[in-house]
Amino acid sequence: MQKQFTPLYRIWHWTMALSVIGLLATVALRKSFLSWRTNTEIIMTKFQDAGVEVTHELAKATAKAIRSGMWEWHYIFAIFLGISIAIRIYMMLTKQAKLPIVNFFQASIFEKKMQTGVYTLLCFFIMMMALSGGFLYFYEALGFTKDSIHWVKETHELMMWGVIVFVGLHLVGVLKHELTTKEPIISKMIHGD
Ligand code: HEM
Ligand code: HEM
């Protein structure tokens with residue numbers, strides 16, 4: 001049976017997909033070009049070459065200040081991820097979509113089980129990222145100290161690999177469907193039927 005993607009379903013999908021891609025991009029920048037460790041070394045070396053004394057603390061604070069404008073986007077994309085989760089909850093409440101795990105249990109053929117299994121785990125990891133991220137953002141307002149929430153940050157970082165693996169599997173699955181069936185599923189997800 002050919003799939004039907006309603007405008008709201010497509011808005012939900014792309015709000016979520018683009019916000020997750022954006023969130024991963026901010027992490028990639030934080031860990032590479034805008035890494036405070038690397039940039040602290042660069043700042044110290046450049047100042048030393050010019051004969052100016054700069055303390056490690058000052059160089060580190062400068063490197064973090066350079067990074068902070070970019071990292072604000074982690075929170076902007078997080079808001080869009082929150083919006084996409086709200087859209088999906090609305091769709092489920094109005095019976096326009098199901099919880100991914102319900103689709104998984106209702107799938108009868110092996111291929112559909114695999115596909116809905118990937119979506120269930122992808123949505124699980126995205127929800128975990130949103131919950132742990134929201135907690136990391138509001139920990140002070142919730143009455144926690146930085147030391148007591150260290151494990152949340154580690155969980156947040158670890159869960160990212162779940163998102164990366166299942167986004168990868170999702171893209172492979174969608175491409176396979178596009179190339180091996182007559183249904184142009186990707187363009188349908190972009191501009192409808
Ligand atoms: C980080 C990026 C992405 C995320 C998190 C994501 C997430 C999802 C999820 C959770 C579903 C299942 C929807 C449901 O169960 O109701 C889905 C379906 C789909 N996605 Fe994505 N997606 C991403 C990127 C993409 C990209 C780049 C494409 C196009 C190349 C794409 C094309 C599709 C299509 C065609 C479907 C429908 C599959 C079907 O029903 O058989 N997605 N996506
Ligand atoms: C797919 C979604 C997400 C991914 C892949 C992701 C990834 C990451 C990673 C890897 C870090 C650690 C960076 C580091 O210390 O080097 C981080 C930190 C953080 N993330 Fe996320 N995140 C996601 C969603 C969210 C959401 C929805 C929020 C909600 C506001 C959020 C808030 C935070 C906060 C507050 C930090 C700590 C920043 C700091 O200590 O400077 N994240 N994120």
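Reader: Which polar side-chain atom lies 2.6 Å from an oxygen atom of ligand 1?

Author: That atom belongs to Gln115. A polar contact here is a pair of N or O atoms within 3.5 Å; inside the protein, one must be able to donate a hydrogen and the other to accept it, and residues adjacent in sequence count only if both atoms are side-chain atoms. Tyr9 has a side-chain N or O atom 2.7 Å from an oxygen of ligand 1, and for Arg88 the distance to a ligand 1 oxygen is 2.9 Å.

Reader: Before we go on, what sort of model is this, and how are things numbered?

Author: The model is predicted, so local features need pLDDT of at least 70 and side-chain atom pairs count only at pLDDT 80 or more, while totals for chains, interfaces and linings use all residues; side-chain values use heavy atoms, with hydrogens and water left out. Residues are numbered from 1 along each chain as its sequence is written, with chains lettered from A and ligands numbered from 1 in the order in which they are written.

Reader: How many residues surround ligand 1?

Author: A residue counts as near if one of its heavy atoms lies within 4 Å of the molecule. For ligand 1 there are 23, and the closest are Lys3, Tyr9, His13, Gln115 and His170. By class, 18 are nonpolar, 3 polar and 2 charged. Here Ala, Val, Leu, Ile, Met, Phe, Trp, Tyr, Cys and Pro are nonpolar, Asp, Glu, Lys and Arg charged, and the others, Gly among them, polar.

Reader: Which helix gives the most to that shell?

Author: Helices are DSSP runs (H or I, at least four residues), numbered from the N terminus. Helix α1 gives the most, with 8 residues.

Reader: Now ligand 2. Which residues come nearest?

Author: Of the 20 residues around ligand 2, those are Arg30, Lys31, His74, Lys153 and His156. An oxygen of ligand 2 is 2.8 Å from a side-chain N or O atom of Lys31, and a ligand 2 nitrogen is 2.9 Å from such an atom in His74. Lys153 has a side-chain N or O atom 3.0 Å from an oxygen of ligand 2.

Reader: Where does ligand 2 lie relative to the domains?

Author: Domain bounds come from an automatic or database domain assignment. Domain 1 (1–97) and domain 2 (98–193) both give residues to the shell, so ligand 2 lies between them. The largest share, 6 residues, comes from α5. By class, the shell has 12 nonpolar, 4 polar and 4 charged residues.

Reader: And aromatic pairs: how many are there in the whole structure?

Author: Rings of Phe, Tyr and Trp (its six-membered ring) pair if their centres lie within 6.5 Å; planes under 30 degrees apart are stacked, over 60 edge-to-face, and the rest tilted. The search finds 10. One of them is Trp73 with Phe77, a tilted pair at 5.7 Å centre to centre and 50° between the planes. Both lie in helix α3, 4 residues apart, about one turn of the helix.

How values were computed:
Helix = DSSP H or I, 4+ residues; strand = E, 2+ residues; numbered from the N terminus.
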